[in-house]
Amino acid sequence: MEESITQRKRVYSALKPTGDLQLGNYIGALKNMVKLQEDYDCIYTVADMHSITVDCVPAELRKRTYDFMALFLAIGLDPEKTLLFVQSHVSAHAELTWVLNCNTMMGEASRMTQFKDKSKKAGKSGINVGLFDYPVLMASDILLYQADLVPVGKDQLQHLELARNIAERFNNRYSATFTLPEPYVGNKATSKIFNLLDPKSKMGKTDDSVGGVIFLLDQPDVIMKKFSRAVTDSECEIKASASKPGITNLLGIYSAVTGKTVAAAEKEFAGRDYAYFKKAVGEAVVEHLRPIQSEYKRYISDKATLEKIMKDGADKASYIARKTLSKVYRKVGFVI
Ligand code: AMP
């Protein structure tokens with residue numbers, strides 16, 4: 001991650017430790033993050049500062065921050081290749097956010113649909129200023145590291161667009177400072193994973209329906225039980241189609257964890273009943289997660305090593321972030 005010797009594009013991504021990591025995070029984001037580290041300079045953050053924009057139990061946040069870092073390592077993210085750190089360990093994120101706040105228009109920040117949705121759900125009493133400012137903090141995360149590419153789902157595209165707008169405005173006002181980040185659209189085939197009990201809703205870390213969410217640290221018997229209860233349909237054909245969301249979701253999961261295509265999976269299970277299929281998908285997931293869970297246990301039971309990795313990552317990240325922040329401070333007229 002030496003700045004001077006690398007010409008590779010820089011990728012920035014972050015996951016916030018709100019809710020436990022689930023299979024959708026793994027298939028939709030984490031698996032790809034591991035692949036990207038071979039071709040890009042990757043910077044991955046446990047975004048704990050984003051977590052406190054919503055109600056959050058301190059002890060849970062602390063535990064999840066360790067868990068996320070241990071899982072990052074367990075899935076194969078390599079701190080020798082990739083910069084891994086905890087957001088709050090690098091104070092430049094908060095510092096740049098202030099300057100960017102002063103270069104963000106109320107009008108553009110108020111247009112963020114995710115804020116509108118979340119605040120509607122939370123009701124007036126549940127909204128804090130941090131939730132409104134979340135996209136500006138996200139812009140700081142990305143711009144501090146001069147990231148070229150940001151892997152984003154559709155839900156985050158508007159936030160990335162805002163980050164670009166803020167960067168562009170700052171560059172025009174004060175001279176070139178920030179790289180304009182582009183969305184990284186990876187493998188389109190990477191499937192969206194849906195809740196097993198409600199296969200029309202995306203599986204999520206904080207779903208109410210946890211019986212339909214496979215958490216990465218779920219025990220094998222829990223995983224098998226959740227798959228056995230997965231919603232299917234009244235037919236008996238194992239085939240992906242828009243009218244069969246449950247079966248399509250299970251085929252997508254099976255394909256993602258085995259590396260087989262959906263068509264190959266359809267062939268493999270032709271003529272089998274749903275109970276057999278659901279058991280096979282459950283077993284494939286258990287087998288895929290087994291080495292990850294075992295590596296996780298190794299890291300989480302060695303806090304000293306985990307903390308050393310966090311500290312080394314934070315030191316490297318601070319070095320890069322400080323360079324950007326000093327430039328910004330100088331340009332806006334702070335005496336540094
Ligand atoms: P979140 O847990 O919503 O903060 O999402 C973190 C990352 O995981 C984002 O890149 C999401 O696109 C991805 N992700 C979360 N849930 C799913 C899902 N059910 N299917 C696919 N990708 C997901």
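Modeller: Start with Gln 146, which lies in the loop between H7 and strand S4 (149-151). Helices (H or I, at least four residues) and strands (E, at least two) are DSSP runs, numbered from the N terminus. This is a predicted model, in which local features need pLDDT of at least 70, side-chain atom pairs count only at pLDDT 80 or more, and totals for chains, interfaces and linings use all residues. Residues are numbered from 1 along each chain as its sequence is written, and side-chain values use heavy atoms, with hydrogens and water left out.

Look at the backbone of Gln 146. Its phi is near 50 degrees, a positive value in a residue other than glycine. Most residues other than glycine have a negative phi. Gln 146 counts as buried because its relative accessible area is 17%. Buried means under 20% relative accessible area, exposed over 50%, and partly exposed in between (1.4 Å probe, protein chains only).

Ser 175 belongs to the loop between H8 and strand S5 (182-184). Its relative accessibility is 38%, so Ser 175 is partly exposed.

Now step into helix H8 (residues 154-174), where Asn 171 is found. Asn 171 is buried, at 15% relative accessible area. Its side chain reaches past the helix. The backbone nitrogen of Thr 177 is 2.9 Å from the side chain of Asn 171. A polar atom of that side chain also lies 2.9 Å from the backbone oxygen of Phe 178. Such polar contacts are pairs of N or O atoms within 3.5 Å; within protein, one must be able to donate a hydrogen and the other to accept it, and residues adjacent in sequence count only if both atoms are side-chain atoms. Leaving out residues up to four places away in sequence, Asn 171 touches Ala 176, Thr 177, Phe 178 and Leu 180. Contact here means heavy atoms within 4.5 Å.

Not counting residues up to four places away in sequence, Gln 156 touches Gln 114 and Met 138.

The arc is that of the directions from the helix axis to the C-beta atoms. After H6 comes Gly 123, whose phi is positive, near 80 degrees.

Helix H4 (residues 92-101) also has buried residues: Ala 92, His 93, Leu 96, Thr 97, Val 99 and Leu 100. Their arc is 165 degrees around the axis of H4, so they line one face of the helix. They pack against strand S1 (10-15), H2, strand S3 (83-86), helix H7 (129-144), H8 and helix H13 (303-332).

H2 (residues 48-51) holds Asp 48. Asp 48 is buried, at 10% relative accessible area. Its side chain makes a polar contact with the side chain of Ser 88, at 2.5 Å. Beyond its neighbours within four places in sequence, Asp 48 is in contact with Pro 17, Leu 61, Thr 65, Val 86, Gln 87 and Ser 88.

Of the 13 residues around it, Gly 24, Asn 25, Ile 193, Met 203 and Lys 205 come nearest. A residue is near a molecule if one of its heavy atoms lies within 4 Å of it. Helix H1 (residues 23-36) gives the largest share of the shell around the ligand, four residues. A side-chain N or O atom of Asn 25 is 2.9 Å from an oxygen atom of the ligand. For Lys 205, a polar side-chain atom lies 3.0 Å from a ligand oxygen atom. Taken alone the ligand exposes 470 Å², and the protein buries 78% of that. These areas come from the Shrake-Rupley method with a 1.4 Å probe.
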